[in-house]
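Hi there,

Here is the structure I promised to pass on to you. Have a look at it first, and then read on for what I found.

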Amino acid sequence: MSNFLNQIPELPVGDVVENVMDWFTDTFSSVFKFIQTDGTALMDTVTNLLISIPPILFILLIAILAFFATGKKFGLSLFSIIGLLFIYNQQLWEQLMNTFTLVLFASVVAIIIGIPLGILMSKSKLADNIIKPILDFMQTMPGFVYLIPAVAFFGIGVVPGVFASVIFALPPTVRFTNLGIRQVSKELVEAADSYGSTSFQKLLKVELPIAKSTIMAGINQTVLLSLSMVVIASMIGAPGLGREVLSALQRAQVGNGFVAGISLVIFAIIVDRLTQSFNKKSM
């Protein structure tokens, strides 16, 4: 049996993928270069703008935002003040702002792509059948694998980090948008039809408002997945707290790694609680 199996020639899957990637990279090199150059400049501008804000003012703004987002409760505000002061005290403020920019851009791009795709899936059985296996593939693939096309297309830096994060974080927004719209009561849709609503009016005034809480739950997951890619993206040159964790790992500096890691946890808790609060307010 093993002799029979050895007679089967090796399929040239790797070579085919390599050739496709080379063709893709060569054909669209000017587009990738434009995105890399302008994207880096845009993100550097946003990061510099964030760094120019006095840290104490930034911390107070986050605390005020947390206070009103949580229904005028002090818990998250107090945690934000203590946590962000700790990060500043550990000389990691600039790294935090770089991380903030990366997560912000990755999340926004994923949401801009994800919500229309989710709407398309909810409206078309064919699109649902095509996109769902792709989402399964994207969610089961290890995050490290996404670094390969990111480097091939954009080289190293923050732009490929955002690219890899978008692919990794996109599925929840698509799935939850699709789910939320499908869960809208048929009676409400029929009522909108009876009033002569167009498909666009029905989507905008009935389906999306009712599905908002489900869509926000997907956006929350997308933001957290973007944040979870920070350390992995640092392997291809993305700046931020992830680079500090990677640097500590390479030099076996347990203390520095712990401080950078706990700073990431603080940032993740603040982002998670804030997005959850926005979702509760919309329900």
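Read from one end of the sequence to the other, the protein runs α-α-α-α-α-α-α-α-α-α-α-α-α-α; that is 14 helices and zero strands. Please keep in mind that this is a predicted model. The mean pLDDT is 90, and 98% of the residues reach 70 or more. Confidence is lowest in helix H1 (residues 2–7), with a mean of 74, while helix H5 (residues 75–89) has the highest, at 95.

Now for the overall picture. The C-alpha trace spans about 65 × 60 × 45 Å along its principal axes. Of the 283 residues, 42% count as buried. If you take the contacts between residues at least 6 apart in sequence, 76% of them join residues at least 24 apart. The accessible surface comes to about 15,900 Å², and carbon and sulfur atoms account for 69% of that.

Which of its residues are buried? They are Phe-32, Gln-36, Gly-39, Met-43, Thr-47 and Leu-50. In general, an α-helix has 3.6 residues a turn, so residues three or four places apart point the same way. The buried residues of H3 pack against helix H2 (13–27), H4, helix H6 (93–123), helix H8 (147–154) and H9.

Two of those partners are worth a visit of their own. In H9 (residues 158–182) you will find Asn-178. Is Asn-178 buried or exposed? Its relative accessible area is 6%, so Asn-178 is buried. Setting aside neighbours within four places in sequence, Asn-178 is in contact with Gly-118, Met-121, Ser-122 and Asp-128.

The patch covers about 650 Å² and is made by Ile-56, Leu-57, Leu-60, Leu-61, Ile-64, Phe-68 and Leu-85. Leu-60, for one, is found in helix H4; Leu-60 counts as partly exposed because its relative accessibility is 45%, between the 20% and 50% cut-offs.

Happy browsing, and do write back with any thoughts.

Best wishes

Key:
Residues numbered from 1 in each chain as written. Predicted model: local features only at pLDDT ≥ 70, side-chain atom pairs only at ≥ 80, totals over all residues. Heavy atoms only, no water. pLDDT = per-residue confidence, 0-100. Helix = DSSP H or I, 4+ residues; strand = E, 2+ residues; numbered from the N terminus. Buried < 20%, exposed > 50% of the residue type's maximum accessible area, 1.4 Å probe, protein only. Contact = heavy atoms within 4.5 Å. Patch = residues over 30% accessible without salt bridge, like charges linked within 9 Å, V, L, I, M, F, W, Y side chains within 5 Å. Areas by Shrake-Rupley, 256 points an atom, 1.4 Å probe, with all protein chains shown as cover. Salt bridge = Lys/Arg side-chain N within 4 Å of Asp/Glu carboxyl O.
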